Amino acid sequence: MVMKLYGTILATCFQRVLVVAKYLDLEVEVVVVDYENGEHKSPEHLKKQPFGQVPYLEDDGFVLFESRAIARYLSAKYAGGKLIPKGVRENAIFEQAACIEQADFDPYVSVLAHERVYGPLMYSSVPDEKLASAQQAKLEAKLDAYETILAKYRYLGGDDLTLADLFHLPYGAVAASPYQPGSPFMNLEDPKRPNVARWWKDITSLPAWKAVRSEFEGVVSTFKKS
Amino acid sequence: MAIKIYGSAMATCTQRVLVTAKQLGVPVEVVGVDFAAKEHKSAEYLKKHPFGQIPYLDDDGFILFESRAIARYLSAAHGDGKLVPKGVKENALFEQAISIENNDFDPHASKLVAERIFGPLFRGTVPDETVASQKQTELEAKLDAYEVILGKYKYLGGNELTLADLFHLPYGTKATLQLKPGAPALNLEDPKRPNVARWWEEISSLPAWKEVQAEEQVAVAAIKKA
């Protein structure tokens, strides 16, 4: 029975699972959750995901939520642990990178993404640029540390690509693209941080990511038209 | 050579590492970092921890930062993998719990603690109760979901104690603290959430956690004398 992933391609956390599934060459069936009409807060949904969020995975009766946990499960169950280093020290550096993504990247890019893109797109709001630039300044300080790490290693968690790198893609890509030509955005290919730029170009060029991103952009364009 | 943890017995993220080390029975030596003198931002320190934070681990020359990554490493390298389930489904539920702590507990609890405890203690500020009660309301909504999960399992990640439970202790405990009698505080043993209360009562009573709290008191007393 094919695994079911409940959510919507518009959601960054959903994309986080999808890019990993595609990279690992795993088939998942998408079951769309009607976010706009609050389906994620319905009693049926809450029985599976008590926090009322997306995505969640259903694998032959086994229900799992939290995108990063789902990604790890897909690797362990169906891909022989690919994208997660096995050696004790290598695994530790990977886990350090996974923590960095959550503590030093996600809190800032998510605000940028919501303020500059999702807000205008879904709620017709006007970005609070004072707030956004303050968050961007904090993120840039963090990226200075990324620059140091990425001078030592090819990827954030060592010399091999890991889940930690992929986890950055969804929010990173939204924050790194101007909503409209000329809109402010976080330039992750800024030449003043050549190692970050190299890393970001590398991971955004992955075919698995390109596939997810083009699907997302397709849906976004229908939103923008309507 | 003893495993060194650079940080402070009074700091929540250092405590996250210490409670894990004690629960695993792994001896570690705490090396104090002079926070007041901004030692953690010195060029020397940044070589070890590019984000300029505490704690970091030095295990015979192997450097690692991010408290949750350090905790996982202590388990894998020195703790026989204890507190991290091995079965694929059990491990997935554990990773789900790890993510829940990181995304649904920590952001709200840490802001709550910053407002009510760290602000007054370290910056002499008066808590903004509008901000604090907002954070508490958000956290309590998340705890309603914890109540559901803890109705199914003994612990957040399944029926065995895992790292995910321990990770809640530092900020969770501070969030329940009252600096003055009658001051507003989170009640994690609130009888309206009996499963959360049961879980919290159990993990906060662990000898390993009691020891960490005792060491914190020693450190605090030393500062008061100086």
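The questions and answers below concern a predicted model.

Student: How are helix α5 and helix α8 of chain A oriented where they pack?

Tutor: Helix α5 (residues 129-152) of chain A packs against helix α8 (residues 194-204) of chain A with axes 7 Å apart and an angle of about 75°. Angles of 65 to 115 degrees fall in one class. Therefore α5(A) and α8(A) are roughly perpendicular.

Student: What distance separates the end C-alpha atoms of helix α1 of chain A, and what span should its twelve residues have?

Tutor: Helix α1 (residues 12-23) of chain A has twelve residues, counted at 1.5 Å a residue. The expected span takes one less than the number of residues.

Student: Which chains does the salt bridge between Glu95(A) and Arg72(B) join?

Tutor: The side chains of these residues meet at 3.1 Å, N to O. With buried meaning under 20% relative accessible area, Glu95(A) counts as buried at 5%, and Arg72(B) is buried at 11%. Glu95(A) lies in helix α4 (residues 88-123) of chain A and Arg72(B) in helix α3 (residues 67-78) of chain B, so the pair joins chains A and B.

Student: How many residues apart are Glu140(B) and Arg193(B)?

Tutor: These two residues form a salt bridge, with the closest N and O atoms 3.2 Å apart. Glu140(B) is in helix α5 (residues 129-152) of chain B, while Arg193(B) is in the loop between α7 (169-175) and α8 (194-204) of chain B; the separation is 53 residues.

Technical notes
Residues numbered from 1 in each chain as written. Chains lettered and ligands numbered in written order. Predicted model: local features only at pLDDT ≥ 70, side-chain atom pairs only at ≥ 80, totals over all residues. Heavy atoms only, no water. Axes fitted to C-alpha atoms, helices over the stretch in contact; angles between N-to-C directions. Helix = DSSP H or I, 4+ residues; strand = E, 2+ residues; numbered from the N terminus. Parallel < 35°, antiparallel > 145°, perpendicular 65-115°, else oblique. Salt bridge = Lys/Arg side-chain N within 4 Å of Asp/Glu carboxyl O. Buried < 20%, exposed > 50% of the residue type's maximum accessible area, 1.4 Å probe, protein only.
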